[in-house]
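Reader: Before I use this model, I would like to know what its labels rest on. Could you go through them with me?

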Amino acid sequence: MKRFFLCNILCLFALSIIAQTAHVKNVIVMIPDGTSTSLLSAARWYQTYMDSSKSSLNIDPFLTGLVRTNSSDAPIGDSAPTTSCYMTGQPTQTAFVSTYPVKTDHDLVPIDETRAYQPQATLLEYAKRQQEKSTGLVFTCNFPHATPADCAAHTYDRGDAEGIAKQMVYNKVDVVIGGGVSYLKEPEQSFLKENGYNIYLDDVKGLRSCQSAPCWALFEPYAMPYDMERDTTKLPSLAEMTQKAIELLSSNPNGFFMMVEGSKVDWAAHDNDAKAAITDFLAFDQACKVALDFAQKDGNTLVLIAPDHGTSALTVGNAKSNHGYDKLSLKQIMQTVDDYKISIATMTEKMNKVEPTDWPALFKTNFNIDVDEAEVAYLKTAHDYKKSDLPKEQRAQLSLSKMLSQVLYGRTYFGFTTFGHTMENVFLAVYHPKGDVLSGCPTNIEVNQYLCKQMGMTEPLRDLSDELFVDHRKVFADYQYQIDSISPSQYRLTAKYKKNTLVVDSYTSYVTVNKKRYDLSSVVVYMPKNKTLYVPKELYKYLLLK
């Protein structure tokens, strides 16, 4: 406990020094989700194989070190808690989205039990509310997914897509570009329209013609496809989305805060799909070039690039063919993978639609591979193969996509240690207009502290958390109130005082008093685990309106 209070005192002292130093106007945080450090080598060499004139990645000149990422209670992090820490400075637990963790008997950092489940204010929320900056999110996954959610939502359940989606809408992020059309429901679309947003759904021409924020542009019902499968006539690249977001955000004289995620590097790594992981990372590297070019020209923009964790520990070299790598040419290593024309995820969909007798033709067309009868028989045992005639007890434990990866990459020189996340340090790249870069091997907490410093933050983010997210029992202790469930994932607080009736719904950012609506300074968050509605500290004042 002494260590905990000492950390707070040191943090306050550091912030007092920070307040006296210059800071940047714009901050761009770029996260290639699930990118192991070894993937940089694979992507760099694959790029050279494709174009011998390119020997470096766009991020290479700005690499400054490594980052130690972890959850509050585990050294191997999940996207939700690791990006949460970048955004809030508070390590948290698996599935927690910018929400304070619950104390365990194996915590890696000090935990204040009284704060369990409290939403934690993010850098994006600080930039918008305290500095009146514009804010933006760019990604290729569906927008309520963990990393974008960490910037503008709060929950202990990253799977609560409905609740997260509402929060991200009502948090009034100025520019949102990515995947997930099906998650933007009609009530939220109406709210955005009422607040002057341009909305483009599967409308790349509309996005390209957009001249001003605020703006939401979403593509595909769920996530956007891997870059290697992207229809360039219908879908923008991550680089183009980044360029448009910067264009829309940079008109604010106060500056902007933006997070860009190369979302599906992680998805490919989970599938042990080296080709999809490499090409999606290279698409992310192109987006980094857009941000870095802008920053260097602007002269007042910080760009920080770091994965949230590693996934699959991809290697060039595997246990099935464990010698002689030093004699292989670049062409020998890369050509087989280059022949892979579609992702494992797409191949899995194709295989599930046809009979196994049709599989050899699919393999030949899409991977230039001749599969044998034993491999077909092996793949038929996948536990989720939809046309299988095998009883459940005779099926394998692995999914078809994971078994497919073993067949495909068993023919290459690429290897993987797992289908999951890994305990490793991830790369760090930083551009700062005055050379004040973060280097060495900082923790994810220190990455947040560095960003706070560069944003000129004069008080800890925790102070903002305590302003925006207060236990409803403390706020309405002197008043009559009740909380009711109005849908499976939404709750309503109703409070009364004299002739006034106050109504506020979870995941929204407004309060109604006697049927008149007032905007709030943050979203209201309900946490079912402790049956608490977290509301802005000043909310009770609306009951006293005359």
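Author: What follows is a set of questions on labels, each answered from the values behind them.

Reader: What kind of model is this, and what is its mean pLDDT?

Author: The model is predicted. Its mean pLDDT is 93, and 95% of the residues reach 70 or more. Residues 1-6 stay under 50, and the model has 4 contacts for them beyond four places in sequence. Residues 13-20 are also below 50, with 8 contacts beyond near neighbours in sequence.

Reader: What makes the sheet of 9 strands an open one, and which strands stand at its edges?

Author: The order is S2-S13-S8-S1-S7-S3-S4-S6-S5, with mixed pairing. Strand S2 (63-67) and strand S5 (198-201) are the edges; each has a single partner strand, so one side of each lacks a neighbour in the sheet. Averaged over the sheet and with direction ignored, neighbouring strands are turned by 10° against each other.

Reader: How do you know that S1 and S8 are paired, and in which sense do they run?

Author: Two strands count as paired from at least two bridges. Strand S1 (residues 26-32) and strand S8 (residues 301-305) are joined by 5 bridges and run parallel, so the pairing holds. Within this pair, Val 27 is opposite Leu 302 of S8.

Reader: Which helices lie across strands of this sheet, and at what angle to S3 do they run?

Author: Helix H4 (residues 123-131) lies across strand S3 (134-142) and strand S7 (256-262), at about 150° to S3. Helix H9 (residues 238-249) lies across S1, S3, strand S4 (175-179), strand S6 (215-219) and S7, and its angle to S3 is about 165°.

Reader: Why are H9 and H11 called roughly parallel?

Author: H9 and helix H11 (residues 274-298) pack at an angle of about 25°, with axes 7 Å apart. Angles under 35 degrees count as roughly parallel, and H9 and H11 are therefore roughly parallel to each other. The crossing of H9 past H11 is right-handed. On the H9 side the contact involves Leu 238, Ala 239, Thr 242, Gln 243 and Ile 246, which meet residues of H11 including Phe 284, Val 290 and Phe 294. By class, this contact has 9 nonpolar, 3 polar and no charged residues.

Reader: What makes H6 and H7 roughly parallel?

Author: Helix H6 (residues 161-170) and helix H7 (residues 186-194) pack at about 5°, their axes 10 Å apart. The limit for roughly parallel is under 35 degrees, so H6 is roughly parallel to H7. Lys 166, Val 169 and Tyr 170 of H6 meet Pro 187, Glu 188, Phe 191 and Leu 192 of H7. The classes are 5 nonpolar, no polar and 2 charged.

Reader: Why is H13 described as roughly antiparallel to H14?

Author: The axes of helix H13 (residues 344-352) and helix H14 (residues 359-367) come within 10 Å and cross at roughly 155°. An angle over 145 counts as roughly antiparallel, so H13 is given that label against H14. H13 passes H14 in a right-handed crossing. Met 347, Lys 350 and Met 351 of H13 make the contact with Trp 359, Leu 362, Phe 363, Asn 366 and Phe 367 of H14. That contact divides into 6 nonpolar, 1 polar and 1 charged residues.

Reader: What makes S14 and S20 edge strands in the sheet of 3 strands?

Author: The order of that open sheet is S14-S21-S20, and the pairing is antiparallel. S20 is joined to strand S21 (residues 532-535) by 3 bridges, and the two run antiparallel. Tyr 526 is opposite Leu 533 in S21.

Reader: How do you know that S18 and S19 pair?

Author: At least two bridges are needed, and strand S18 (residues 510-513) has 4 with strand S19 (residues 516-519), in the antiparallel sense. Val 511 is opposite Tyr 518 of S19. The hairpin has 2 residues between its strands, and Asn 514 takes a positive phi near 50° there.

Reader: What is the omega of the peptide bond between Ala 213 and Pro 214, and what is that bond called?

Author: Omega is about 5°, and the bond is a cis peptide bond. Pro 214 is in the loop between helix H8 (204-209) and S6.

Definitions and conventions
Residues numbered from 1 in each chain as written. Predicted model: local features only at pLDDT ≥ 70, side-chain atom pairs only at ≥ 80, totals over all residues. Heavy atoms only, no water. Axes fitted to C-alpha atoms, helices over the stretch in contact; angles between N-to-C directions. Parallel < 35°, antiparallel > 145°, perpendicular 65-115°, else oblique. Left-handed = near helix turned anticlockwise from the far one by under 90°. Contact = heavy atoms within 4.5 Å. Nonpolar A, V, L, I, M, F, W, Y, C, P; charged D, E, K, R; others polar. pLDDT = per-residue confidence, 0-100.
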